[in-house]
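Please keep the sequence and the structure at hand while reading.

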Amino acid sequence: MSRTALRICPLCEATCGLTLTIENGRVTRARGDDEDVFSRGFICPKGAAFGELDADPDRLRRPLVRRGGRLQEADWDEAFAAVDDGLWPVLREHGGRSAGAVLGNPNVHTVAGGLYPSLLLGALGTPNVFTASTLDQMPKHVSSGLLYGDANALPVPDLDRTDHLLVIGANPMDSNGSLCTAPDFPGRLRALRRRGGKLIVVDPRRTRTARMADQHVAIRPGTDALLLFAMVRVLFDEDLVATGELGAHLTGVAEVRRLAADFPPEAVAAACDVPAEEIRTLARELAAAPKGVVYGRMGSTTVEFGTLTSWLVDVLNALTGNLDRPGGMMFPLAATARRERTPRPGKGFALGRWHSRVSGHPEAKGELPSVALAEEIETPGEGRIRALLTIAANPVLSAPDGDRLERALAGLDFMVSVDPYLNETARHAHVVLPPPPPSQSPHFDFTFNYLAVRNQVRYSRPAVPLDPDRMSESDILARLVLCASGHGGADPATVDAMAIEAALGKAVADPGSPVHGRETAELTAQLTGGSGPERRLDMMLRLGPYGDGFGADPDGLTLRALLDRPHGIDLGPLRPRLPALLRTRSGTVELCPEPIVRDVDRLRRALADRPTGLVLIGRRHLRSNNSWMHNVPTLVGGSNRCTLQVHPEDAARLGLADGGLARVKGDGGELEVPVEVTDAVRTGVVSLPHGWGHGRPGTRMSVAGDHAGVNANQLIDGSRLDPLSGTAVLNGCPVQLAPLTEPTPVLPD
Ligand SMILES: Nc1nc2c(c(=O)[nH]1)N[C@H]1C(S)=C(S)[C@@H](COP(=O)(O)OP(=O)(O)OC[C@H]3O[C@@H](n4cnc5c(=O)[nH]c(N)nc54)[C@H](O)[C@@H]3O)O[C@H]1N2
Ligand SMILES: Nc1nc2c(c(=O)[nH]1)N[C@H]1C(S)=C(S)[C@@H](COP(=O)(O)OP(=O)(O)OC[C@H]3O[C@@H](n4cnc5c(=O)[nH]c(N)nc54)[C@H](O)[C@@H]3O)O[C@H]1N2
Ligand code: SF4
Ligand SMILES: [Mo]
């Protein structure tokens, strides 16, 4: 018997609607859902491989518990008893500080990851929180925190209405977009060009996105802050600043003008390797576009000046009047967001409310830099991390210097991993708790609706019933919350009940809420849904900006209304949201915040003292995703993708041949890697993808083991970071390169 089910794809930020064919409880086919209100049938090769990924025989089915040094299958009660036995004594003896948590990327792609981590961190009470954000977009959060007073207010390019898009360090043709949720990003870019719009890509590599652009600027890595500052300077010099309606809510413009004075195009041109006149033209064209937008991603954030670059992206949008206007950079309004309120000053955003124990890194948004994890485990003393929880994270491959991290993990008293695979990180755990495959999990985009280029809302129930020997990821995480609070044996449903009680308690006390003054018990009784997570979703939708307010607006959104519309509900194009969303102390967009001003000194110094030499950048491939999609034959097949791209001139100078092996050396170590000579990378730059380096002993990913590749992050030691955000420099790291000569054999004497 064959049937179909709808399921939002959890494999990248594009959130495409899929139509799954299910036979005998297995997904045998995945197509794009033509009626999905947002993705309209789009699908990419990863989504098409949903069934294979879902049924991967290497996925763990049952928990693993370390006994006598070896990980062995156990049942769920045994596994949680082992968590209790391992975690609780550490917490009791050394306090919450002795625990650390690593939250990886897929947490933003699961319902469980949206609902439980904050409760878990609250229960642990630890400052040792590490997430993929400090390997990714933390600079953008810091910039938004400073500009708007809300680190989660991330504006996105209004892709469907703009007529001028300047892309800084993003490759949506392969990544399908990031911090800009837009199913069929490629189609939306083509539409932009069809309606006469212009696409410009600033990237050291001629990516697939650069190839389809009207103009490609092959900048030297790490120098975008200089380029963007020079554009700001041109706007002021040529009287092109026009903030429009935004002007009334904007402070700090004159200070930005003063800062930009130090960065005329002529002063930065050599460092960026972009001619001054080209920089002028970039600024003039942005200013002249009726609707234009600058959009930055990984190449703008995981660099030495990540926060400055992220900030400058928004400064350019603001100064050209494109911030918060259709066709410019806009703030989505998610269905589970807080309701809009009358504008008033907020609490502002603070950085460095505490510091890491060993190196004194400031926290950002409650997190410490991922690069500080190993030293926090290794360094003896009060507050050392002795117990670690990793949830959907593979920092051994995704963070700098995995070899060092592996040594540190081996020294933990206790480690638990929530992961479907026994991989490079999970192999160090004492307990591995595997979530069910995506077909057996519900889906709601708690994160990506905040980043979507159109307001919309969709929910998928599990496409296939949960296997009897599996546990939902929500229950797994709820039980970890209980373990962390010393109530290991309690019913996980109590976690949801408490979360609902707390949220409704806040809502009824809030004069701005539609349920102000009502009884929480009465509201709780109204909640629908077949599980704790569904009731929580119902509550969030009903309290949210489109919600029914528990009856206050009978036509408003509820879980039931959403279940009635399996292809989703379109909530319309993005709308201007300033000044209501501002939470700065002044109640304005604070365009020139103090921490930024201080960091500009560092940029000035860098301009005076630019290192020369080869630098490393990354690379993403459409059929891969970070470190965990190399175990699916159709996604990993074909020619080796883990190659070092080198420009022909550099190859000739260094004596490297296409297809030959090279030795690459960086701060963190050395690798031997196949060379691909191509003029797609600019001179002075080599490119190696991350997420490879499989095949280690004790892992269980047989296909990935046969396509091991090398770990690009072993070339980086984590000592270079963007100081304001704690984000690792993953792009623009110095490396040395030599053709590989066979080591001289050591002869026995
Ligand atoms: N050099 C370099 N390094 C990089 C990057 C780069 O561009 N260059 N990119 C960085 C970026 S942007 C990111 S986001 C990070 C990502 O790095 P991580 O956050 O470590 O994420 P992944 O490598 O994707 O690993 C995800 C883990 O989650 C598991 N997983 C998959 N699905 C589920 C699920 O449903 N539930 C649970 N519990 N687990 C699941 C996988 O098996 C895997 O172990 O890497 C960063 N590292
Ligand atoms: N297929 C696929 N899709 C993915 C992922 C994946 O691994 N594979 N990962 C997902 C995740 S977690 C994320 S965060 C997103 C990332 O989404 P994107 O940011 O769009 O992806 P990247 O390929 O990292 O693009 C960064 C670009 O910046 C360029 N770059 C490097 N250094 C510099 C620099 O100094 N200046 C400038 N201007 N450019 C520079 C690189 O050459 C690269 O083309 O993709 C998501 N989608
Ligand atoms: S683009 Fe992303 S969300 Fe869409 S099918 Fe591909 S992996 Fe899934
Ligand atoms: Mo990411």
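Which residues in α12 are buried? In this model, which is a predicted one, the buried residues of α12 are P265, V268, A269, A271 and C272. These buried residues pack against α10, against α13 (276-288) and against α24 (594-608).

**The helix pair α10 and α12**

The contact with α10 can be described in some detail. The axes of helix α10, which spans residues 224-237, and helix α12, which spans residues 265-272, come within 9 Å and cross at roughly 160 degrees. Because angles over 145 degrees count as roughly antiparallel, α10 is roughly antiparallel to α12. The crossing of α10 and α12 is left-handed. On the α10 side the contact is made by L226, L227, A230, R233 and V234, and these meet P265, V268, A271 and C272 in α12. Sorted by class, the residues in the contact of α10 with α12 comprise 8 nonpolar, no polar and 1 charged. The spacing of such positions can be read against a general rule: an α-helix has 3.6 residues a turn, so residues three or four places apart point the same way. Directly after α12 comes D273, whose phi is positive, near 60 degrees.

**Strand β9 and its two partners**

Strand β9, residues 164-168, is mostly covered, with 5 of its 5 residues buried. On one side of β9 these are H164, L166 and I168, and on the other L165 and V167, so that both faces of the strand are covered. Strand β9 pairs in the parallel sense with strand β10 (residues 198-202) over 5 bridges, and L199 in β10 is the bridge partner of L165. With strand β13 (residues 292-296), β9 likewise runs parallel, and 5 bridges join the two. In β13, G292 is the bridge partner of H164, while V293 is the bridge partner of L165. L165 therefore has a bridge partner in β10, namely L199, and another in β13, namely V293, under a pairing rule of at least two bridges between strands.

Strand β13 is itself mostly covered, since 5 of its 5 residues are buried under the cut-off of 20% relative accessible area. Both faces of β13 are covered, with G292, V294 and G296 buried on one side and V293 and Y295 buried on the other.

**The seven-stranded sheet**

An open sheet is formed by 7 strands in the order β5-β4-β17-β16-β15-β6-β7, with mixed pairing. The strands β5 (70-73) and β7 (129-131) stand at the edges, where each has a single partner strand, so one side of each is left without a neighbour in the sheet. From one strand to the next, the twist averages 15 degrees.

Helix α19 (residues 473-484) lies across β15, β16 and β17 and runs at about 155 degrees to β16.

**Backbone angles**

Most residues other than glycine have a negative phi, and most peptide bonds are trans. The table lists some exceptions with their angles.

| Site | Backbone feature | Angle |
|---|---|---|
| N24 | positive phi, not a glycine | near 50 degrees |
| N626 | positive phi, not a glycine | about 45 degrees |
| D273 | positive phi, after α12 | near 60 degrees |
| L578 to P579 | cis peptide bond | omega near 0 degrees |

Is N24 buried or exposed? At 72% relative accessibility, N24 counts as exposed, because the cut-off for that class is over 50%. N24 lies in the loop between β2 (17-23) and β3 (26-32). N626 is found in the loop between β23 (615-617) and α25 (633-636), and P579 lies in the loop between β21 (569-573) and β22 (589-590).

Notes: Residues are numbered from 1 along each chain as its sequence is written. Chains are lettered from A and ligands numbered from 1 in the order in which they are written. This is a predicted model: local features need pLDDT of at least 70, side-chain atom pairs count only at pLDDT 80 or more; totals for chains, interfaces and linings use all residues. Side-chain values use heavy atoms; hydrogens and water are left out. Axes are lines fitted to C-alpha atoms, for helices over the stretch in contact, and angles run from 0 to 180 degrees between N-to-C directions. Helices (H or I, at least four residues) and strands (E, at least two) are DSSP runs, numbered from the N terminus. Angles under 35 degrees count as roughly parallel, over 145 as roughly antiparallel, 65 to 115 as roughly perpendicular and the rest as oblique. A crossing is left-handed if the near helix is turned anticlockwise from the far one by less than a right angle, and right-handed if clockwise. Contact means heavy atoms within 4.5 Å. Ala, Val, Leu, Ile, Met, Phe, Trp, Tyr, Cys and Pro count as nonpolar, Asp, Glu, Lys and Arg as charged, and the others, Gly among them, as polar. Buried means under 20% relative accessible area, exposed over 50%, partly exposed in between (1.4 Å probe, protein chains only).
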